[in-house]
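Hi,

Here is the structure I promised to pass on to you. Please open it alongside this note.

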Amino acid sequence: MPDVQALVNDFVLKLKRRKIEGSQASARQTAELLRTVVSQQRMPYTNQAATLIDAVRTVGEHLIAANPVELAVGNIVRRVLHIIREEDLTSTATAMEGLSLIANSDDDDNFESHDHPALSAAALAAAARSTLRAPSLQTLLEGTPESALAPNPSSSGGDSEGKSKSADRSSRTKKLKHDVIEAINELIQDIDTCHEQISEQAVGLIHQNEVILTLGRSRTVKEFLFAANEKKRSFRVFVAEGAPRYQGHVLAKELVAKGLQTTVITDSAVFAMICRVNMVIVGAHAIMANGGVIAPVGINMVALAAQRHAVPFVVVAGSHKLCPLYPHNPEVLLNDLKSPSDLLDFGEFSDCMDFSTSGGSPLLHVVNPAFDYIPPKLVSLFITDTGGHSPSYMYRLIADYYSADDFVVKRRPTS
Amino acid sequence: MAQKKSQRPSSDDPEELARTPLQAVLLADSFAQKFRPITLERPKVLLPLVNSPMIEYALSWLESVGVEEAFVFCCAHSQQVKSYLNNSQWKNQPGPFSVTTIESHDAISAGDALRVIYNHGVIRGDFILISGDTVSNMSLAQALHEHKERRKKDPLAVMTMVIKHSKSSTLTHQTRLGNDEIYMAIDPETKELLYYEDKVDNSQRLISLDKMLHVDHPAFNLHNDKQDCYIDICSPEVLSLFTDNFDYQHLRRHFVKGLLVDDIMGYKIYTHEVQSSYAARVDNFRSYDTISKDILQRWTYPFVPDVQYFGNCLQIRLDRRGNYRAPEVVQSRTSLIDSLTLIGDATTIGDHTVISNSVIGQGCTIGDNVIIKGSYIWDNVTIEDGCKLSHALVCDGVHLRAGVVLEPGVILSFKVEVGQQIVVPAYSKVSLLPQPSKQDSDEELEYADASTGVVESPSGYIWSCEGGIEDEWRYSIAPIPVEKISEFFENAYADVDVLDQDLSIPASGELLHDSESTGLGEGEDYKDSADFEKEVEATFQRALAGVDQDIVILEINSLRLSYNMSHADCAGALFYSIMKAALLVPCSSKNELYTSSMKEIVKWKNLLKHYLKTVDEEIEVILKFEEICLETAREFSPLFGNILSCLYDKEVLSEDAILSWAQEKEGADESDKILLKQSEQFIKVCITKFGQLFFPINASLKTKFGQLFLFRWGFFFQMKYVRPFFYLLE
């Protein structure tokens with residue numbers, strides 16, 4: 001599939017060169033790319049799910065490596081992997097139902113029929129569990145990944161009733177792929193509509209005459225505030241400018257254009273103003289599995305100020321920003337250090353960058369981190385497209401969206 | 001040629017301009033030898049800069065600014081460049097960016113390269129001209145837009161030069177990138193470049209601007225705080241200009257200056273100043289060092305090691321203290337890696353090793369107890385236990401055996417081996433290839449002999465430094481020695497003084513850069529008055545050689561300022577030089593000497609008078625003359641009285657001065673009075689002439705009254721009152 005490979009390379013280059021701005025765009029494009037990968041993948045007769053998973057995994061590995069800072073890419077890769085596993089399970093489950101019926105009707109070989117129902121029952125249970133989205137301790141203890149479990153019954157079924165199954169299988173071949181693509185389409189739609197879904201909850205959270213504080217510019221926050229405004233809620237917004245990129249200025253302009261009462265403050269004035277604020281609403285770069293948040297720099301300070309004055313601290317983020325990793329995981333690259341030229345003008349400080357006069361080590365260092373990490377205890381509420389959740393609930397959401405096997409996409413070198 | 005020019009107007013059509021893809025010419029050859037001996041084996045653009053070849057930075061930047069076709073011109077080691085590009089990501093990458101190589105083997109300058117490109121006929125519209133060692137992250141959209149707008153209005157605006165603000169001290173220029181200060185005159189309204197001068201020669205600290213600049217432009221700013229980024233947006237005419245003027249070699253020295261001087265064709269060059277982004281060119285080892293550190297400090301974001309902009313799929317990670325580390329580094333627990341360091345892939349670092357401010361390549365093996373400070377170590381280098389490297393550049397495959405010490409500024413080219421416990425002295429360059437000798441072959445042999453003395457194993461020639469030690473510290477990786485910096489400061493401040501007070505700067509700039517005075521390293525020495533006299537004498541010698549008197553006056557004035565001398569000193573020094581000149585004329589008798597000195601005095605009277613504004617200065621001249629007679633040139637002593645009277649006759653000296661001198665000498669001891677006695681008669685004549693007019697008595701010098709009279713007289717009567725009387729008398 002040369003065309004897929006070219007597409008992948010193109011996307012990898014774009015990611016590497018940081019040409020895709022924003023989590024949503026990266027998530028959406030990743031999902032679209034993976035959809036093409038799945039649809040172009042030639043399917044063998046056996047082990048289809050494993051093949052698909054392998055294909056997605058190889059591509060995903062490249063994508064994640066291309067821009068480790070953009071966690072949304074990895075999230076979508078994991079989501080797609082999870083979708084494949086789930087679809088495979090449901091199709092297996094339906095097949096098993098049929099299989100067990102056949103096995104029951106066939107009384108010829110009792111030896112095997114004794115085994116089959118048990119197996120199918122286990123598979124069904126697993127399927128049921130996965131559809132219920134609650135990985136119980138049992139599945140974790142069993143340890144066998146679903147992908148390994150899933151082909152097993154079908155192949156054993158194939159041994160006994162090879163001929164009767166072949167027609168069924170070919171239909172299943174197409175069905176799995178079809179289902180996966182369907183599910184990915186749904187995912188893309190979810191990503192597209194996440195802002196609307198989040199904004200729907202705005203009226204319930206923002207009350208009349210409240211003062212809202214935000215920092216920097218987040219599209220999700222903007223839509224959230226707009227939605228509340230449209231519902232004739234009158235409230236005021238304090239925007240901290242968000243140095244050094246000053247995206248807050250842009251947000252303030254947009255809010256004023258929509259007729260919202262807006263006040264721009266410096267980042268350092270947040271603590272002074274927080275006592276007049278009813279609620280802090282900020283966007284996020286990623287939400288980690290422990291409920292911690294990676295967000296634009298400066299938000300940790302806002303969160304601390306909010307906690308000090310017991311102001312609710314609300315994080316709005318689409319579910320594609322939900323990352324199944326913990327911040328201490330070695331795979332997570334927490335921060336991105338940007339160019340110091342955002343802070344200082346290079347020409348003006350060029351004499352401070354003399355290496356030859358100061359014994360080879362510069363005296364001036366400029367650090368310009370892009371993100372802050374906000375520990376879960378500082379967050380009061382998460383608003384995602386599925387509703388409001390507390391930080392301690394995040395692991396449940398993650399269990400909904402991801403399979404435990406996919407947390408580490410990068411394959412270890414096989415020993 | 002004519003045909004092509006006739007075709008041009010069609011391409012000026014705006015739609016046409018918009019449609020043609022943006023092209024770029026990248027010169028993958030610097031046509032310089034600053035990176036010798038390394039560049040003998042590998043072209044400069046493929047040398048790793050923070051572990052990525054320099055050309056990657058240039059190409060990535062071109063790609064990021066939206067260039068669609070890049071033409072890489074390669075000359076030296078063209079095969080290496082081509083094979084590198086063929087194997088790189090640029091050959092088969094998706095998207096509109098394509099890289100084409102153009103090869104030539106006989107180009108020896110940028111001018112030749114552009115002529116070759118012109119002959120290929122590939123450039124259709126505006127193009128970006130950069131050299132392969134440019135590192136930048138600026139966005140060109142604004143500059144391109146301005147260029148195109150200007151072109152629409154004025155087809156003669158052929159080039160837009162990108163410049164950057166920098167601190168306006170020579171020290172910064174020198175210490176950061178190791179290049180010279182650039183002076184530019186820019187029209188503040190139109191941003192047109194009116195004057196360009198780099199390589200301001202140290203010995204010639206004079207910039208002269210054409211008067212016509214004032215006529216054509218109501219205002220212009222003269223900048224010395226701009227840094228040339230060597231990024232140009234050119235119109236296709238630039239190529240044809242190079243072809244028409246086959247003597248254009250250097251882009252700046254010939255082409256830019258040529259266009260600025262030549263007002264027949266009326267081509268114009270404009271500038272665009274970039275604000276916050278980064279642009280610099282790796283021109284020499286010092287800028288290599290500086291730019292490497294700028295990259296590690298992320299000024300070039302996104303062209304930094306941990307953003308995989310280049311083809312490398314290694315994940316280099318940046319840790320909290322600013323260290324970059326590739327994934328497969330094996331590092332001993334006891335080793336210490338300090339800030340601003342990059343460690344390449346598959347490198348092993350031994351126990352108790354300390355690395356700071358350095359870049360280590362891939363696959364290196366570094367032993368125990370090694371100290372690496374501010375050094376650049378390329379790939380597959382083996383450094384055994386106990387080595388000490390400071391501010392050195394070590395190329396691929398070098399092997400340093402145990403206990404080697406590399407002093408600051410050392411450059412070891414490819415695969416050099418250095419034996420145990422050897423100390424490689426500062427600023428030495430060692431290569432496996434012999435230095436191509438410009439001089440006769442004897443000297444080369446000498447170096448070969450010398451190399452065996454320092455480098456144990458058969459490998460390695462020590463290269464001599466071509467520009468002498470002066471250039472070595474300037475362009476080396478090593479930090480500048482403290483005394484050089486202080487010297488620089490002094491010079492910088494001396495310059496400022498001169499510029500403040502007088503725009504003209506003496507052409508004899510060696511006064512500040514004299515090797516003797518720098519050798520002493522002490523600022524006070526050259527302010528000596530003896531030096532000053534020498535300088536004045538030298539200036540006067542030039543005056544003898546036919547330089548205009550006005551210029552001599554100007555030069556002496558500026559010398560006076562720079563040495564902080566008074567007018568009296570100038571007068572004395574000048575008189576001294578005049579008398580010396582008189583002495584140079586061969587003469588046998590007193591009379592001849594007298595006539596020759598008379599001649600000189602008459603000749604330079606006006607010059608001397610320029611400095612004889614008050615009595616004090618005239619007295620100084622007499623004192624000087626006395627000194628000459630008594631000490632330096634005794635030939636004059638018998639003639640003292642005669643010459644003094646002659647000076648008086650020629651109105652160089654006033655009797656006023658002579659009388660005060662005589663009076664001053666009254667109190668001196670006898671030995672000093674020889675000359676006074678000699679001229680006593682003359683003085684008496686003076687006084688009598690004078691006295692007859694005012695007091696009918698013969699005023700004695702020795703009376704107190706006389707002294708009082710002289711004092712008061714000097715005080716009240718100005719020259720203009722007194723002179724007419726003398727005319728009457730005569």
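Below is what I found in it.

First, some housekeeping. This is a predicted model, in which local features need pLDDT of at least 70 and side-chain atom pairs count only at pLDDT 80 or more, while totals for chains, interfaces and linings use all residues. Residues are numbered from 1 along each chain as its sequence is written, and chains are lettered from A and ligands numbered from 1 in the order in which they are written.

On confidence: pLDDT is the predictor's confidence in each residue, from 0 to 100. Chain A averages 80, and 77% of its residues score at least 70. In residues 127–136 of chain A the pLDDT stays under 50, and the model has 15 contacts there beyond four places in sequence. Residues 144–164 of chain A are also below 50, with 32 contacts beyond near neighbours in sequence. Where pLDDT is low, the predicted coordinates should not be read in detail. A contact here means two residues whose C-beta atoms, placed from the backbone, lie within 7 Å.

Next, where the chains meet. Chain A brings 31 residues to the contact and chain B brings 40 residues. On the chain A side, helix 1 (2–16) and helix 3 (48–66) each supply at least two residues, and helix 1 of chain A gives the largest share, five residues. (Helices are DSSP runs of H or I, at least four residues, numbered from the N terminus.) That side of chain A divides into eleven nonpolar, eleven polar and nine charged residues. Nonpolar covers Ala, Val, Leu, Ile, Met, Phe, Trp, Tyr, Cys and Pro; charged covers Asp, Glu, Lys and Arg; the others, Gly among them, are polar.

Within chain A, the domain assignment gives domain 1 (2–193) and domain 2 (201–335 + 370–406); such bounds come from an automatic or database assignment. Their contact takes 20 residues from domain 1 of chain A and 19 residues from domain 2 of chain A. Helix 4 of chain A gives the most to the domain 1 side, nine residues. The domain 1 side divides into eleven nonpolar, four polar and five charged residues.

Finally, a helix pair in chain B. G111(B), L114(B), R115(B), I117(B) and Y118(B) of helix 5 meet L239(B), S240(B), F242(B) and T243(B) of helix 9. The residues of this contact divide into five nonpolar, three polar and one charged.

Happy browsing!
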